[in-house]
Amino acid sequence: MNSPLPEPALAIAAAADAPAVLEARGLSYAHGAAGPVFSHLSLSIRRREIVALLGGSGCGKSTLLRVLAGLARPAKGEVRFLDTVQAAPHPRSALVFQQASLLPWLNLADNVGFGLDFAHQPQTGKAARDERIKAAIAAVGLAGREGAYPAQLSGGMAQRTALARALARQPELLFADEPFSALDAITRAEMQSLLVDVVHRWHTAALLVTHDIDEAILVADRIVLMGGRPGRLLHEWTVDIPRNREDHPEAVGALRLAILGALRHAS
Amino acid sequence: MMGANLLLPLSGLVLAALAWAAGSVWLAGVTPIAASFAPLETARALLALLQGAELWEHVAVSLERVAVGLGVALLLGTPLGVLTGLSPLFSRSTTPLFQFARMISPLSWMPLAVMVLGVGNAPVYFLLAFAAVWPILLNTAAGVAQLDKNWLLLARSLSATRRETIVHVILPGITAQILTGVRLAIGIIWIVLVPAEMLGVSAGLGYFILDARDRLAYSDLMAAILVIGFLGYLLDHAARTLHKRWLHAA
């Protein structure tokens, strides 16, 4: 299904009628006694679609990501992953954090393969696992650095490794929580195009949580704006600007203004 | 580059040796017997001691005590530290006690230790373990508290079992901090060792110092001091290397 074989990196926009990987309906979530972080929230992500969840800090977008990823239980509503109700994190979903959060005592290859042999993961043989690890490392352009340890990697390389760790799980859906906001501008731009490229080649869908409007426009097929208190989804844009989007400054600028306008209305 | 790296530390050592020589010349003017404190006398004594068997026996006894003390401290300090880091209840109920006990010089327990445990190795083991347990305990607890939350999140996203989380994330995740604790513990143990060996035992570097004093063999005494410093340096270096190896720091 998710063949990790390299294919030409065409901009394959997800077809509007593609089946959903993830479907959330009527989600509410509250931390203890504090008011709800978000309520009555519904979102669906189609196969191979990159969705950017855009919002200011503290709007609850990271919490929403955790609920969608099965790491936190919603107070109300349900999340369906590949058409089954998700009770625990699905083996075909993977996470990338703002920090690479590599395990410093494991080398790059072992970091990428971390957890593939855990009891609740799909059972695979060692050879198959090694193959997946190798393909994931190659996909992020780190072939040849398998033996390096996290302390020896730059920030960008560490984040590439974190991306490879997610890819090694052959995810149907990649959850990324502000994955590039700790990187410098040049590395960030590289990583953004790498993410798009890899997601397309691996036929994965992605949910990218970000507070960076430009990042959302450059990366996503669809942008969802979150805001309000309790949080809800305020607005949605389908981004049909052809890639590479840097080559279409007018369209990018127009969308940027539209999003800024919506943000102003929201606050 | 390499030369410059060695030159500065060496110059400090040479300067200290010169000061030592000047001091012993001055002291010999006041008390003639102090001439045997001088660097040259000491070097001669050291050479003789290194060639004989006696000093090595004392060194072996002392190192064995360090190993036992550190081992006991690790066996007690690591689980207690994990418990302190994981359980706020345990942490709140024990922190004042630990902070209190930590600030008591282990040597002040010496009379009590000898009374309870008798003369011999047992009170020395006790004092060393008692000195070393705090840095290990506190660093382990800090290690648990500082575990990267994302590692735990990652483990949960992999639906890791409790055992997998402990074996693959928590234990290796706090090992660096435990090793930091071990390094501090070695420093403290090495300092406590010599005075602890001055009571009720008949071997070890601390005993050797007292013995040399009683024999008026001051150059042997100075040689023993050099050996103690050098071994301490080596132990600390070993602990630091272990720490670096574990983290694979460049």
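Predicted model: local features only at pLDDT ≥ 70, side-chain atom pairs only at ≥ 80, totals over all residues.
Helix H5, residues 110–117 of chain B, packs against helix H6, residues 121–145 of chain B, at an angle of about 135 degrees, and their axes are 9 Å apart. H5(B) is therefore oblique to H6(B). As for handedness, H5(B) and H6(B) make a right-handed crossing. I quote an angle and a distance because packed helices are described by the angle between their axes and the distance between the axes.

Which residues of H5(B) and H6(B) meet? On H5(B) they are Met110(B), Ala113(B), Val114(B) and Leu117(B), and on H6(B) they are Ala122(B), Pro123(B), Phe126(B) and Leu127(B). By class, this contact of H5(B) with H6(B) holds eight nonpolar residues, with no polar and no charged ones.

H8(B) covers residues 162–196 and has 35 residues, yet its end C-alpha atoms are only 43 Å apart, whereas a straight helix would reach 51 Å at 1.5 Å a residue. Where does H8(B) bend? A bend of about 40 degrees is found at Thr175(B).

Let us now view chain B as a whole. Chain B contains ten helices and zero strands. Its C-alpha trace spans about 75 × 55 × 30 Å along the principal axes.

Finally, I come to the two chains together. How many residues of chain A are in contact with chain B? There are 19 residues of chain A in contact with 19 residues of chain B. On the side of chain A that touches chain B, 13 residues are nonpolar, six are polar and none is charged.

How values were computed:
Residues numbered from 1 in each chain as written. Chains lettered and ligands numbered in written order. Contact = placed C-beta atoms within 7 Å. Nonpolar A, V, L, I, M, F, W, Y, C, P; charged D, E, K, R; others polar. Axes fitted to C-alpha atoms, helices over the stretch in contact; angles between N-to-C directions. Helix = DSSP H or I, 4+ residues; strand = E, 2+ residues; numbered from the N terminus. Parallel < 35°, antiparallel > 145°, perpendicular 65-115°, else oblique. Left-handed = near helix turned anticlockwise from the far one by under 90°. Expected span 1.5 Å × (residues − 1). Bend = angle between axes of the 7 residues up to and from the residue.
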